[in-house]
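Okay, everyone, thanks for coming. Let me put the model up, and then I'll walk you through a few side chains.

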Amino acid sequence: MRLIIAILLPFLVFFTIGRPFQGILCLLLQITLIGWIPAAIWAVYALSQYNTDKKISAMHKDGR
């Protein structure tokens, strides 16, 4: 679901993963039509990093 949001409304993803300052910067980038594509790429990248960080922290909690 977040991946669809990252493509359609890139700035919103940053608020859902707890990075409001980056969300505001992404919104400013997204306002321009040319900036929409870089904003979407940035949001998808940040989302993948967030998911990776969650997996790593879950592995550390399990003691592996």
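Predicted model: local features only at pLDDT ≥ 70, side-chain atom pairs only at ≥ 80, totals over all residues.

Residues are numbered from 1 along each chain as its sequence is written, and side-chain values use heavy atoms, with hydrogens and water left out.

Back to Gln30, which sits in helix α3, residues 20-30; helices here are DSSP runs of H or I, at least four residues, numbered from the N terminus. Leaving aside residues up to four places away in sequence, Gln30 touches Leu8, Leu9, Pro10, Phe11, Gly35, Trp36 and Ala39, a contact being heavy atoms within 4.5 Å. A polar atom of the Gln30 side chain lies 3.3 Å from the backbone nitrogen of Phe11.

Now the rings. How many aromatic pairs does a search of the whole structure find? It finds 2, with ring centres of Phe, Tyr and Trp (its six-membered ring) within 6.5 Å, and planes under 30 degrees apart called stacked, over 60 edge-to-face, and the rest tilted. Phe11 and Phe15 are edge-to-face, 6.4 Å centre to centre with 85° between the planes. Phe14 and Trp42 are tilted, at 4.8 Å and 50°. Phe14 is in helix α2 and Trp42 in helix α4 (residues 33-62), so that pair ties together parts 28 residues apart in sequence.

Definitions and conventions: Helix = DSSP H or I, 4+ residues; strand = E, 2+ residues; numbered from the N terminus. Polar contact = N/O pair within 3.5 Å; in protein donor to acceptor, adjacent residues only side chain to side chain.
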